[in-house]
Amino acid sequence: MNCLSHFIRPSDWQQSTYEESFRLADLILQDPGKYSHSCDGKVLASLFFEPSTRTRLSFEAAFQRLGGRVIGFSDQGNTSTAKGESLEDTLRIVEGYVDLIVMRHFLEGAAYLATQTLTKVPVINAGDGSHQHPTQTLTDLYTLHHYQKLGKNLTIGLCGDLLFGRTVHSLIEALEIFGGCHYVCIAPKDLALPAYVQEKVKKGKITFVEDLQEVIGDLDVLYMTRVQKERFVSEQEYERLKGYYILDQEKMDRAKKDMLVMHPLPRVVEVDRKLDKDPRLIFFNQAHLGMYARMALMMKTLGVNLD
Ligand code: CP
């Protein structure tokens with residue numbers, strides 16, 4: 001990797017780098033106007049080869065709120081990829097136009113490939129296949145920091161599609177940087193956490209269960225995930241598994257009064273909408289905080305206004 005400040009996986013940053021970014025995000029959150037010219041004159045490329053609502057729009061809103069301008073696409077079908085252009089060639093072209101690239105791609109390792117291709121501008125991984133989603137993790141860690149839970153020896157339930165759910169893969173890698181947690185993996189065998197992610201757990205403790213109801217009372221945080229329809233080869237298999245876990249009132253009645261329910265979103269069926277008024281469900285605020293976390297990330301990546 002060259003010396004550009006790429007952000008491809010959570011372990012690209014140390015604990016101190018995360019903490020600096022949280023301090024900056026806190027400052028922006030308190031006084032956004034103070035930072036509204038931090039990226040004046042800069043251009044961001046927002047390259048989404050896969051669908052997104054939160055990640056793309058929060059990056060784009062974040063950069064515009066910092067005074068920068070955004071170009072890009074949200075549908076690769078409208079780009080020369082549809083004519084057969086390679087990812088490497090697309091990136092070589094785009095880096096001549098911009099100061100920073102944010103890229104989501106359906107292939108695992110695509111963001112790493114970008115770091116091997118780009119020579120002028122840094123790239124931020126906005127999700128690569130079922131591998132990693134480090135800026136969702138930045139959002140998740142900043143949310144834990146905001147709710148004063150980070151570094152508190154948490155018992156965190158990771159529930160749902162742990163096989164394809166890249167947010168969980170990245171979250172475990174990042175929480176290990178903060179000293180680890182007790183990770184309670186709640187998934188059916190067909191959606192179990194891959195071995196290569198389990199092996200990242202060196203400081204924390206990891207246990208595996210199938211029954212959410214059995215463990216919910218022990219959890220400080222419940223991180224719900226949807227079953228990742230787009231990664232399934234068989235529609236029938238997706239239909240069989242999509243409603244495997246549904247968080248409902250009966251389960252929440254067994255949870256601690258201060259347990260936080262997080263979710264990277266989108267939600268499909270796994271959290272009953274009747275729970276939405278329960279203050280323990282913080283995922284809409286989590287998504288909102290993500291914009292400030294991404295503002296801090298982009299300022300750090302570009303090395304602007306860090307006094
Ligand atoms: N959390 C997340 O990545 O959401 P989007 O797919 O909408 O960006």
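**A look inside**

Mentor: Let's start with C39, which is buried, at a relative accessible area of 0%. Here buried means under 20% relative accessible area, exposed means over 50%, and partly exposed is in between (1.4 Å probe, protein chains only). Keep in mind that this is a predicted model, where local features need pLDDT of at least 70 and side-chain atom pairs count only at pLDDT 80 or more, while totals for chains, interfaces and linings use all residues. Residues are numbered from 1 along each chain as its sequence is written, and side-chain values use heavy atoms, leaving out hydrogens and water.

Another cysteine, C185, is also buried, at 2% relative accessibility. A disulfide is a covalent bond between the sulfur atoms of two cysteines; the cut-off used is a pair of cysteine sulfur atoms within 2.5 Å. The closest cysteine sulfur to that of C185 belongs to C159 and is 10 Å away, too far for a bond. The structure as a whole holds zero disulfides.

Now for the cores. A nonpolar core is a set of buried Ala, Val, Leu, Ile, Met, Phe, Trp, Tyr and Cys residues joined through side-chain atoms within 4.5 Å. The largest one has 58 residues, and Y18, L141, I156, L158 and L175 touch the most other members. Helix α11 (residues 283-302) gives the most to this core, with 10 residues; helices are DSSP runs of H or I with at least four residues, strands are runs of E with at least two, and both are numbered from the N terminus. Contact means heavy atoms within 4.5 Å. Beyond its neighbours within four places in sequence, L141 is in contact with residues including Y18, F22, L150 and L175. Apart from this core lies another, of 21 residues, with V184, V215, M224 and V271 among them.

Next, look at L44 in strand β1 (residues 43-48). L44 is buried, with a relative accessible area of 0%. V102 is 58 residues from L44 in sequence, yet their C-alpha atoms are 7.4 Å apart. Among the contacts of L44 outside its four-place neighbourhood are F59, I71, V102 and M298.

Let's finish at helix α11 again. E20 and K300 form a salt bridge (a side-chain nitrogen of Lys or Arg within 4 Å of a carboxyl oxygen of Asp or Glu), with the closest N and O atoms 2.8 Å apart. Because E20 lies in helix α1 (residues 15-30) and K300 in helix α11, this pair ties together parts that are 280 residues apart in sequence. E20 is partly exposed, at 38% relative accessible area.
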